[in-house]
Amino acid sequence: MGDGSMTPRLSNMKALLGIVAGAGASYGIYKLLSGGSLKKNKKIASSEGPGVRSSQSSEVILKPGSLLAKVSGLDVVCPRPVDVASGDIIHQSPGNLEPQHLRMLLACLQTSNSSSDRCKILLTLGNAAAFTVNQNLIREFEGIPLIASFLSDPTAEVRVQTLNVLNNLCMNIQNQEQIKVYVLQVLELIEMSPVNSEPQLGALRLLTNLSVTDKHQHLLKNSVTLLLSLLVVSNEALQVQALKVLVNLSSNPDMIDDIVQAQAPASVILLFDARTTTAVLLRLLMFAGNLKAWRPSAQVADELRQKQDCLFRVMLDESSQLHSRLVHLLSHPDAEIQAQVSRILT
């Protein structure tokens with residue numbers, strides 16, 4: 001099939017600039033690293049015409065007022081006046097992006113040499129990935145490995161936008177099967193990023209969504225020390241997000257053995273205080289309540305007491321200050337906190 005018979009195709013990065021800015025990134029979720037080449041989806045390509053290629057010879061022609069322009073919040077740059085027939089996008093929601101437009105975005109992401117453009121493309125993909133149909137299409141177009149490859153981008157904002165896209169994609173169970181392989185890289189990103197930075201927050205959001213069910217929680221069994229350490233050095237936003245992951249993990253009885261053996265900073269116990277913000281304290285009490293529901297045998301308890309600085313000794317052992325601190329919290333002005341404390345003490 002010759003190029004003259006085809007609907008105008010993607011590329012020219014400047015022509016795509018108006019496509020790729022997304023109006024408000026959706027809550028982010030995950031990290032991925034291995035690169036990967038974008039492959040054409042043969043089934044869709046056969047029904048919609050030739051697929052997007054990663055060469056510089058193809059070009060994007062979009063009208064102002066199209067959906068992609070609305071998603072981006074920028075004017076669409078048209079390289080030349082043209083009557084775009086079926087290529088024009090007339091829907092009202094990013095959830096109605098057509099498959100070829102997602103392929104255009106992914107192909108442009110693959111060839112972009114500009115950090116600014118990568119951020120805009122990822123932002124738009126993140127908005128689109130809030131919709132189930134687009135979550136499936138991005139996976140089918142082998143976009144997850146491509147997107148994940150930017151977790152190692154030298155620009156922090158690109159890494160943040162990558163995590164945001166993966167976070168939305170992770171809401172899809174089938175996508176989680178691909179995203180789970182990047183857990184170790186996400187954890188490394190948390191360790192290597194500055195404390196209280198956006199990459200840390202985005203990575204924790206992704207881990208929160210991945211740990212909602214117990215299917216992939218075992219991948220985080222070695223992350224407990226890192227999460228506990230964040231509690232004592234981070235701001236409220238990161239504390240809340242780290243505790244969401246810890247609450248998810250501690251809700252699974254199969255994870256408790258790994259959690260209580262993890263090294264924990266002794267200062268964690270100081271957070272059980274009326275001066276701790278309500279959002280943090282409430283989740284901290286939920287975490288403690290899950291641990292308190294665990295009943296180790298005398299032999300297991302004795303073995304855990306031999307482990308220096310483990311969470312069992314800090315929070316669960318008879319020598320822990322937790323009990324006395326909980327008693328003081330019974331008079332906390334927040335009724336929900338009082339209820340959580342009562343649940344633990346009874």
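The side chains of K180 and E177 form a salt bridge, with N and O 3.0 Å apart; a salt bridge is here a side-chain nitrogen of Lys or Arg within 4 Å of a carboxyl oxygen of Asp or Glu. The model is predicted, so that local features need pLDDT of at least 70 and side-chain atom pairs count only at pLDDT 80 or more, whereas totals for chains, interfaces and linings use all residues. Residues are numbered from 1 along each chain as its sequence is written, and side-chain values use heavy atoms, with hydrogens and water left out.

K180 is partly exposed at a relative accessible area of 28%, and E177 is likewise partly exposed at 30%; buried denotes under 20% relative accessible area, exposed over 50%, and partly exposed the range in between (1.4 Å probe, protein chains only). E177 and K180 also belong to a network of salt bridges that includes K215. Both E177 and K180 are in contact with H216, as are Q176 and L210, when neighbours of H216 within four places in sequence are left aside; contact means heavy atoms within 4.5 Å. H216 is buried, with a relative accessibility of 3%, and is situated in the loop between α11 and α12 (224-233). Helices are DSSP runs of H or I with at least four residues, numbered from the N terminus.

The structure contains seven salt bridges. Among them is the pair D273 and R275, whose side chains meet at 2.9 Å, N to O. D273 is buried, with a relative accessible area of 18%, whereas R275 is exposed at 75%. D273 forms a further salt bridge with R325, the closest N and O atoms lying 3.8 Å apart. Because R325 lies in helix α18 (residues 322-329) and D273 in the loop between α14 (256-261) and α15 (278-292), this pair ties together parts that are 52 residues apart in sequence.

Helix α18 also contributes to the largest pocket, as one of the elements giving two or more residues to the lining; the others are α15, α16 (298-305), α17 (311-316) and α19 (335-345). On a 1 Å grid over the protein atoms alone, a pocket is an open set of points where a 1.4 Å probe fits, with protein on both sides within 12 Å along at least five of seven lines, and lining residues have an atom within 4 Å of a point. The space in the largest pocket is about 460 Å³, the volume being that filled by probe spheres set on the grid points, which are joined across faces, edges and corners. Of the 22 lining residues, K292, W294, R295, M315 and L316 lie nearest the centre of the pocket. The lining comprises 12 nonpolar, four polar and six charged residues, where Ala, Val, Leu, Ile, Met, Phe, Trp, Tyr, Cys and Pro count as nonpolar, Asp, Glu, Lys and Arg as charged, and the others, Gly among them, as polar.

Helix α4 (residues 99-111) has 13 residues and spans 19 Å from its first C-alpha to its last, close to the 18 Å expected at 1.5 Å a residue; the expected span is 1.5 Å times one less than the number of residues. Of the 13 residues in α4, 10 are buried, including P99, H101, M104 and C108.

V195 is located in the loop between α10 (183-192) and α11 (198-210) and is partly exposed, at 46% relative accessibility. Apart from neighbours within four places in sequence, V195 is in contact with Q200, V233 and S234. The C-alpha atoms of V195 and V233 are 7.6 Å apart, although the two residues are separated by 38 residues in sequence.
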